[in-house]
Amino acid sequence: MTGKDRSEIDSARRHLLGLTAATTARIVAMGSLAGTIISSSSAEAGGRAWWKKGGDKPGKGPGKNPMCLLRGTSIMTPKGEVPVEELRIGDLVETIGGKALPIKWIGLQTYKCRGPTWNMDVVPIRISPSALDEGTPKRKLYLSPGHSLYIDGVLIRAKDLVNGTTIVPELPADSRAIEYFQILLDAHQVILAEGAPVESFQLNADNYEGFTNFAEFARLYPADVNLTMSAYAPIVGYGGREHLKALLRLASAGLIRARTPTRDAHVRLAARGERIAC
């Protein structure tokens with residue numbers, strides 16, 4: 001091994017160690033990725049809990065992982081597909097377990113661009129038709145970056161599946177505002193959006209306060225304002241592209257095994273995207 005190779009491996013090891021704690025916490029905790037509002041010079045959310053100042057902890061002021069479905073997204077119900085904005089409390093939605101469950105609440109988030117560019121933390125991730133599997137999703141699916149899909153028995157955030165072809169950040173046609181909707185059931189579940197399996201809202205203490213209509217939730221469900229739901233499945237991810245590159249570098253040197261649920265899904269869907277793009 002040359003000195004250059006040794007230096008690169010040492011650098012990769014340091015990078016990996018620097019991110020392992022945060023990544024492991026996401027996997028072991030099996031949740032707490034439910035994010036809140038971004039407020040910056042380039043994007044401003046309407047209706048946030050104004051008394052919350054700073055911090056990135058879910059439910060504690062401006063967060064980095066809004067978890068929602070874009071306006072116009074079709075949700076499967078016993079009566080067929082219905083745009084998410086037309087659903088109401090009490091309506092039934094289908095879950096991947098085959099049981100239709102009533103909607104307990106629908107959270108709303110609106111973002112407006114206040115500068116020359118959008119904050120990428122709120123720009124939707126577009127998942128093209130058949131990006132996940134043949135016919136899944138049925139149509140273009142737009143999710144907030146922090147919203148998870150159910151893949152291979154785990155929940156993976158949309159932003160961790162970006163492949164540059166079939167899964168990419170993309171603004172909606174009307175980019176003056178972005179409207180997100182989130183569906184809360186009695187428990188954290190997986191529902192079908194444009195035919196793809198995506199998570200419902202996972203209550204985590206007061207993270208409901210990140211929604212425009214947070215006061216409605218507190219009024220309707222005062223006993224649930226500090227409720228934390230168990231995750232439907234493990235929520236896994238990694239610390240971004242640099243973290244993934246560090247894993248691959250260490251794996252190529254035979255120091256670790258690079259296979260992880262997120263990497264396996266990312267590689268498979270990236271290869272699928274290349275085939276579809278050709």
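Two strands pair if DSSP finds at least two bridges between them.

Before we look, this is a predicted model, where local features need pLDDT of at least 70, side-chain atom pairs count only at pLDDT 80 or more, and totals for chains, interfaces and linings use all residues. Residues are numbered from 1 along each chain as its sequence is written, and side-chain values use heavy atoms, leaving out hydrogens and water.

So, find strands β3, residues 74–77, and β4, residues 80–83: they run antiparallel, joined by four bridges. The hairpin between β3 and β4 goes through two residues, and Ile75 sits opposite Val82 in β4.

Now the rings. Phe, Tyr and Trp (its six-membered ring) pair if their centres lie within 6.5 Å; planes under 30 degrees apart are stacked, over 60 edge-to-face, and the rest tilted. Searching the whole structure gives seven aromatic pairs. Take Trp105 and Phe211: their centres are 5.6 Å apart and their planes at 90°, so we call that pair edge-to-face. Trp105 is in strand β7 and Phe211 in the loop between β15 and α2, so the pair ties together parts 106 residues apart in sequence.

Buried or exposed, then, for Trp105? Buried (under 20% relative accessible area; exposed is over 50%, partly exposed in between, with a 1.4 Å probe and protein chains only): Trp105 has 0%. Phe211 is buried as well, at 1%.

Next, Tyr208 and Phe217 have ring centres 4.7 Å apart and planes at 40°, so that pair is tilted. Ring pairs link a cluster including Trp105, Tyr208, Phe211 and Phe217.
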